[in-house]
Amino acid sequence: MSARSDHQARPQSPRPAPAPARAVPSAPAGDARLAFWAEQAARLDWDTAWDQVLDWSDAPFARWFAGGRLNVAYNCVDRHVEAGHGDQVAFHWEGEPGDTRTITYAELRREVCRTANALLSLGLRAGDRVAIQLPMIPEAVFAMLACARLGLPHSVVFGGFSPAALQSRIEDAGARLLITSDGQYRRGRAEPMKANTDEATSLTPGVEHVLVVRRTGTQVPWTEGRDLWWHELVDGQSDRHVPEAFDAEHPLFILYTSGTTGRPKGILHTSGGYLTQAAYTHRTVFGIDPDHDVYWCTADVGWITGHTYIVYGPLANRTTSVLYEGTPNTPHEGRHFEIIEKYGVSVYYTAPTLIRTFMKWGGDIPARYDLSSIGVLGSVGEPINPEAWLWYREHIGAGRAPVVDTWWQTETGAVMIAPPPDSPRFKPGSAQTPVPGISAKVVDDQGREVGRGESGYLVLDQPWPSMLRGVWGDDDRYRETYWSRFAAQGYYFAGDGARYDEDGDIWLLGRVDDVMNVSGHRISTSEVESALVSHPAVAEAAVVGATDATTGQAIVAFVILRASAGGEVATEALREHVAREIGPIAKPRQIMVVPELPKTRSGKIMRRLLRDVAENREVGDVTTLADASVMDRINAGLTDASRRAD
């Protein structure tokens, strides 16, 4: 029995004190780098050992651990049960309405085996693709792991995506099965899901079956012969299944991400290299101790963060995790802190957008809860401004927990740049250094590394195990999108701007699309946003570059004021504040005070829509917003302000 077999609530003893600060190791070079990754891969269970750590002969298409064979689900579940940890909790699940479920590793294995046997009964075989659109419920994890167990590449589609978005992803992947639910809970309401998926599958004849989880109990449309209830098909299956080993390069999943053309890109990740880096980074970036830590990544499984740091990385490391279905303010704004207190969460990994939302709600809310179990805080999704970093550490981490700011992408598969949790020198707002085994540079337009204190483009100059293996069905798009910008140097271009500070540490500046060119000066939207949020009257800010006849681009800012400001602050004062913080060149042309910012259900600010407003265009597609009416409120508020000014 594991040391945490009875871990059903918060621990009686705090997280062990961190080890003394140590020197941060640099990325190994050349053969040492490959030996380093071989050492990390050896921590997994392999059915057949690899012949070659890295085959880069067909660059930019990599083969990591060539010749090796393993089963991803076995590494995430079975081996822990076989080692005597079956009673350890894998997930503490919290439903939005307040229902809960505790899932041990032994139970997880039984559920994954039942699900795998159910998929086999539908005639699916290794290589077939499965689409999954589910809420944050345990069945989402069961489905992903069952697919991995059977060698079925899964395509998880975020539950908030429209039927058209789901349809395009099903068609592109050529999925034979869709797994969905009758509905999902959002902010206290049961919202439909099956009806939306039916709209998508009406135009995807390749889908042979739709497997439906009963979550809300609402009545749903039904197609006899195609639609199947999860509880009727899965629950009666045998809970035993012998996993098959697959090649290290066998496709594990396809995950769609936005493309500049508007057509989503199906990012392909394979098995051995991806799991190696997912497990390694989860273990080391957060300093995970599987015998003591309770870990919570607040992402949705529909995004890469959910894949790597809710499912595959934590389970490969035998971690006890929290899985939460609902929103941060349902039924109240202290919900996350209530959950942290209940389960004794020691590692909490979330997005800057949510941190700034907590800031807006006020520090008095987390102060009501016992958050003393927190030992490490993480940030993911976008560059975190120093003010949010400091607030996060002070109000959630009691001024002592390290804040690990991580940079990575859907395409990289796992964390690439982050300070270790025992770093002796954290810098609020900086991801700082590549993790050991990773090589990254900041370069200029010609691919030459820039000096300290200078800005440029972030590139990866060496292949890494969890790297994407291409764009599904479109090798040319893969080469053009990621490798053409610095083809002569053989660099992967991440699409992000970055700068070195005077110590040589890396500061991410956001997507190149979000780096504005004002009179020939490159200015990051995140830098201006950080300057605005540092003003005591500003709770949240979003900045876009708008076309300007004189300067090429001009800075337009949208700000939400803190309640304490009483709605009374001169925008000219905010413009001067930015000029003082960054320089006169960064002074916004216009600052608009708004009640809300347009965000997706994952919390990402839709700057595209704000750019439409800034350039007086008709607002584009709002279907992926958490609240589509927010743009109406923004426009109404701006119209009222304009009338008052007149």
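Trainee: With which side chain does the side chain of D128 make a polar contact at 2.6 Å?
Mentor: First, this is a predicted model, so local features need pLDDT of at least 70 and side-chain atom pairs count only at pLDDT 80 or more, while totals for chains, interfaces and linings use all residues. Residues are numbered from 1 along each chain as its sequence is written, and side-chain values use heavy atoms, with hydrogens and water left out. A polar contact is a pair of N or O atoms within 3.5 Å; within protein, one must be able to donate a hydrogen and the other to accept it, and residues adjacent in sequence count only if both atoms are side-chain atoms. At 2.6 Å, the side-chain partner of D128 is R176.

Trainee: Is D128 buried or exposed?
Mentor: You'll find D128 in the loop between helix 3 (105–121) and strand 6 (130–132); helices (H or I, at least four residues) and strands (E, at least two) are DSSP runs, numbered from the N terminus. Its side chain also reaches the backbone nitrogen of R125 at 2.9 Å. Buried means under 20% relative accessible area, exposed over 50%, partly exposed in between (1.4 Å probe, protein chains only). D128 comes out at 16%, so call it buried.

Trainee: Which backbone oxygen lies 2.5 Å from a polar atom of the side chain of R469?
Mentor: R469 sits in the loop between strand 22 (455–460) and helix 13 (475–482), and it is buried at 8% relative accessible area. Its side chain reaches the backbone oxygen of A62 at 3.4 Å. The oxygen at 2.5 Å belongs to M467.

Trainee: What is the relative accessible area of L610?
Mentor: L610 is in helix 16 (residues 607–614). Leaving aside neighbours within four places in sequence, its contacts (heavy atoms within 4.5 Å) include A542, V544, F558 and I634. L610 is buried, and its value is 0%.

Trainee: In strand 20, which residue is the bridge partner of G378?
Mentor: Two strands pair if DSSP finds at least two bridges between them. Strand 19 (residues 376–379) pairs in the parallel sense with strand 18 (residues 347–350) over 4 bridges, and there G378 partners Y349. Strand 19 also runs parallel to strand 20 (residues 403–405), with 3 bridges. In strand 20, G378 partners V404.

Trainee: Which residues of strand 19 point the other way from V376 and G378?
Mentor: Side chains in a regular strand alternate between the two faces of the sheet. In strand 19, V376 and G378 point one way, and all four residues are buried. Pointing the other way are L377 and S379.
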